[in-house]
Amino acid sequence: LGQLAELTTQLGYPATPTDLAPRLEHLLASPEHLVLVASRAEGPALAWIHVFLAHRLEVDSFAEIGGLVVDQDLRGSGAGALLVEEAARWAKSLGCRQLRVRSNEIRHGAHAFYLKRGFHLIKTQKIFQRPLP
Ligand SMILES: CC(C)(COP(=O)(O)OP(=O)(O)OC[C@H]1O[C@@H](n2cnc3c(N)ncnc32)[C@H](O)[C@@H]1OP(=O)(O)O)[C@@H](O)C(=O)NCCC(=O)NCCS
């Protein structure tokens with residue numbers, strides 16, 4: 001859990017194992033979410049991906065990558081590609097015909113990565129959020 005928190009922090013979302021534990025428990029309990037962790041043999045976690053089924057009234061259900069990160073010292077060695085292919089396999093096995101990812105416009109490296117993995121840009125968006133005090 002410590003290594004997952006470290007990777008999450010590298011993704012730009014500072015997190016502790018205590019933060020992650022209930023989130024992970026929630027995701028692992030649902031058949032509509034998949035969390036995969038990559039490691040060498042029994043070694044520490046080197047990368048993780050979260051993919052989930054997204055349901056909308058306006059379009060058929062699709063799969064969406066909620067997060068993906070590879071340890072900063074191991075990028076470019078194929079771990080990201082491996083995790084995306086596994087996520088795609090899972091989504092396809094559940095009947096999804098599309099795999100989507102939202103990626104911050106500043107993540108140019110990730111954009112190049114997704115384009116190489118068969119994704120294409122379909123739109124850009126602004127994200128709005130309202131606090132709920
Ligand atoms: C984006 C990320 C997940 C890619 O994982 P990775 O393990 O480094 O990528 P891979 O080694 O599997 O690369 C697969 C292909 O994408 C290309 N690629 C990967 N990162 C790239 C980059 N920064 N710029 C250009 N191409 C890139 C590789 O060259 C490779 O091409 P090939 O198939 O021709 O050999 C990883 O760099 C990362 O964790 N980045 C920081 C967090 C992030 O941006 N996550 C995505 C959030 S939406």
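**The ligand and its surroundings**

Helix 4 gives six residues to the shell around the ligand, the largest share. Before I continue, please note that this is a predicted model.

Which residues come nearest to the ligand? Of the 21 residues around the ligand, they are Val70, Gly76, Gly78, Gly80 and Ala81. Sorted by class, the shell holds ten nonpolar, six polar and five charged residues.

Let us turn to individual distances. A polar backbone atom of Gly76 is 2.8 Å from an oxygen atom of the ligand. For Ala81, a backbone N or O atom likewise lies 2.8 Å from an oxygen atom of the ligand. Arg75 takes part through its side chain, where an N or O atom is 3.4 Å from a ligand oxygen. Taken alone, the ligand exposes 910 Å², and the protein buries 70% of that area. Two or more residues of the shell come from each of these elements: strand 3, residues 62–70; helix 3, residues 79–93; and helix 4, residues 108–116.

I now move to the strands. Strand 1, residues 33–39, pairs with strand 2 in the antiparallel sense, over seven bridges. Within this pairing, Ser39 stands opposite Ala45 of strand 2. The hairpin that these two strands form has five residues between the strands, and there Ala41 takes a positive phi near 45 degrees.

Strand 2 covers residues 45–54 and includes His50. Is His50 buried or exposed? Its relative accessible area is 12%, and it therefore counts as buried, the cut-off being under 20%. The side chains of His50 and His33 are joined by a polar contact of 2.9 Å. Leaving aside residues up to four places away in sequence, His50 touches Leu27, His33, Leu34, Val35, Glu64, Ile65, Gly66 and Gly67. As a general point, side chains in a regular strand alternate between the two faces of the sheet.

Finally, I come to helix 1, residues 2–10, whose buried residues are Leu4, Ala5, Leu7, Thr8 and Gln10. Against what do these buried residues pack? Their partners are helix 2, residues 17–28, together with strand 1, strand 2 and strand 3. An α-helix has 3.6 residues a turn, so residues three or four places apart point the same way. Just after helix 1, Gly12 takes a positive phi of about 110 degrees.

Thank you for your attention.

Key:
Residues are numbered from 1 along each chain as its sequence is written. This is a predicted model: local features need pLDDT of at least 70, side-chain atom pairs count only at pLDDT 80 or more; totals for chains, interfaces and linings use all residues. Side-chain values use heavy atoms; hydrogens and water are left out. A residue is near a molecule or strand if one of its heavy atoms lies within 4 Å of it. A polar contact is a pair of N or O atoms within 3.5 Å; within protein, one must be able to donate a hydrogen and the other to accept it, and residues adjacent in sequence count only if both atoms are side-chain atoms. Accessible areas come from the Shrake-Rupley method with a 1.4 Å probe; for residues, only the protein chains shown count as cover. Helices (H or I, at least four residues) and strands (E, at least two) are DSSP runs, numbered from the N terminus. Ala, Val, Leu, Ile, Met, Phe, Trp, Tyr, Cys and Pro count as nonpolar, Asp, Glu, Lys and Arg as charged, and the others, Gly among them, as polar. Buried means under 20% relative accessible area, exposed over 50%, partly exposed in between (1.4 Å probe, protein chains only). Contact means heavy atoms within 4.5 Å. Two strands pair if DSSP finds at least two bridges between them.
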